[in-house]
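Have the viewer open as you read.

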Amino acid sequence: MDDTPPYPPIEPNSFDLIVIGTGLPQSVIAAAASSAGKSVLHLDNNSFYGGHFSSLNLEEFSSFLTSQSSISSSQPNPPPSATDAVDYVALDLRTRPMFSDVEITSHCSDLLEHSRKFNLDVSGPRVLFCADAAVNLMLKSGASQYLEFKGIDASFVCDADGHFSTVPDSRAAIFKDRTLSLTEKNQLMRFFKLVQGHLAASDEAENDANVRISDEDLESPFVEFLNKMRLPPKIKSYRSHRPFLSICIVLYAIAMADYDQDDIEVCKDILNTKNGIDRLALYHLSVGRFTNALGALIYPIYGQGELPQAFCRRAAVKGCLYVLRMPVIALLMEKESGHCKGVRLASGQDIFSQKLLVDPSFVVSVAPSQLDCLPESPQVINQVDDKQKVVRGVCIMKNSLKADVTNFVFVYPPRSLYPEQVMAIRAIQIGSNLAVCPSGMFVLYLSTLCNDATQGKELLQAAINSLFTLPVSGIPENSSSVDSENMEEAKPTLLWSALYTQELAMGSYESINSTSMPDGNLNYNVLLDATVKLFHQMYPQEELFPETTSPENFEDDDGLSL
């Protein structure tokens with residue numbers, strides 16, 4: 001009995017661009033190409049949009065991670081077309097696992113009953129700065145009209161005991177912070193005044209040495225510059241109850257450094273002062289950009305998976321054709337040139353295009369007999385980073401980690417959990433008011449870069465242990481054994497968790513173009529910079545989302561719904 005689903009034929013069978021996978025980079029390029037007047041076919045073998053950037057309900061989330069960590073091959077090829085032996089050959093297109101070491105633990109028996117009320121981000125934790133590239137791109141493209149956001153309430157730095165210290169992100173916040181002494185407040189104010197003066201002078205092309213930071217300082221490590229400015233140093237003891245001090249906050253909570261900047265031997269990415277100042281500028285420009293978001297950060301209602309969907313909708317408006325649940329099983333390679341000329345679908349239909357963009361999980365499989373048909377071996381679609389991975393964690397609980405705060409981001413700086421910790425952990429808690437979980441529940445996302453899965457998972461597990469208690473056997477999950485007067489200090493009970501390792505893969509520009517996997521950053525700036533660069537390599541004569549006089553154009557701050 002044939003279990004192959006009935007795939008209707010796609011008409012026409014030739015396009016300017018074929019895109020496989022509906023992740024955020026692919027969706028941006030599909031929307032940009034469609035806006036430039038190209039005919040685009042956008043395919044995905046999933047029944048949902050977003051791929052590795054999707055937001056899924058609880059059951060789908062577990063199934064997706066499990067399936068993506070054990071992929072072995074694609075569907076078998078249908079009989080070759082009559083033209084296969086004439087001018088092109090069909091090479092098997094397979095998928096490789098991009099997730100591994102998946103551990104899903106449930107301490108709540110009835111959580112699956114509410115599965116459809118969850119929207120869990122596969123690539124979390126993620127937020128958007130109000131002034132970052134992702135927001136500007138959504139406004140310019142018009143994708144913002146399909147999205148709605150809420151502001152993140154606060155930012156914190158966390159220690160090994162689960163204690164939170166506020167990140168002062170404005171002059172008013174610095175003055176209100178009771179953990180800073182008057183001397184520390186004055187030092188911070190002088191530092192931020194110097195940074196603002198440097199940025200203003202740079203914008204106006206001034207050369208006043210008293211205003212601008214010197215070129216020598218800009219090339220020096222940021223931590224050295226902060227010490228030169230005599231900011232209070234970060235704490236050294238990972239068990240200290242002293243508040244995190246200025247350098248620690250600036251380096252890891254505002255400038256978002258990942259590695260321990262004090263240890264050059266283990267730091268793989270020394271943040272220089274120029275890049276550090278640029279990150280402070282992004283944070284500063286984001287605070288107050290939108291009247292309904294008082295802080296620097298925002299988050300999309302229904303989860304980060306709404307972003308690729310918004311760009312897909314924008315592409316569809318411009319004529320892009322979408323087909324979900326459609327596996328692509330082979331690439332069509334010209335025998336004479338070795339260039340890709342199209343794809344073969346699971347239905348057996350061949351679709352032709354001179355440009356192809358694929359999901360980073362695909363690899364080409366070439367049979368020995370096919371090597372003689374091609375002038376050279378097919379390109380490697382993308383390169384997986386064997387030296388670095390990102391470990392992600394998702395936790396569900398019924399109480400906020402911080403009393404009276406619903407949505408907030410926080411960071412564990414290096415050495416804050418234990419002495420051997422050389423990487424920061426980024427985390428974000430989201431509540432039900434952002435439609436990611438049932439009312440009365442909260443979702444926590446964590447991530448860290450690592451060299452191997454064991455190292456990264458041990459680090460995330462240490463963070464989880466510092467934040468949660470596990471349900472006591474025989475006591476219902478929704479009960480509490482803590483006295484009400486001690487409720488403020490009680491740790492939330494962990495109901496459900498998932499830990500998993502994700503491979504990092506960079507995109508490539510060749511006959512077969514490939515996008516990147518989600519990176520380890522909190523925002524999308526690096527990933528979108530690579531996406532924009534790839535679009536201009538594919539279409540060097542085209543503008544990315546050209547200006548229009550249509551009322552659909554929303555390139556202003558009021559075009560973002562908050």
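What follows covers confidence in the model, then a few salt bridges.

## Confidence

Keep in mind that this is a predicted model. The protein chain averages a pLDDT of 85, with 83% of the residues scoring at least 70.

## Salt bridges across the chain

Side chains of opposite charge can pair when their charged atoms come close. In this model the count comes to eleven salt bridges.

Take Lys341 and Asp87, whose side chains meet at 3.5 Å, N to O. This pair links distant parts of the chain, 254 residues apart: Lys341 sits in strand E14 (residues 340-345), while Asp87 is in the loop between helix H2 (58-68) and strand E4 (88-95). Lys341 has 14% relative accessibility, so it counts as buried. Asp87, at 35%, is partly exposed.

Another one joins Arg426 and Asp258, with the closest N and O atoms 3.7 Å apart. Arg426 belongs to strand E20 (residues 425-431) and Asp258 to the loop between helix H8 (246-254) and helix H9 (273-286), so the bridge ties together parts 168 residues apart in sequence. Buried or exposed, these two? Both Arg426 and Asp258 are buried.

## Asp92 and Arg94

The side chains of Asp92 and Arg94 also form a salt bridge, at 3.1 Å from N to O. Arg94 is partly exposed, with a relative accessible area of 25%.

Terms used
Residues numbered from 1 in each chain as written. Predicted model: local features only at pLDDT ≥ 70, side-chain atom pairs only at ≥ 80, totals over all residues. Heavy atoms only, no water. pLDDT = per-residue confidence, 0-100. Salt bridge = Lys/Arg side-chain N within 4 Å of Asp/Glu carboxyl O. Helix = DSSP H or I, 4+ residues; strand = E, 2+ residues; numbered from the N terminus. Buried < 20%, exposed > 50% of the residue type's maximum accessible area, 1.4 Å probe, protein only.
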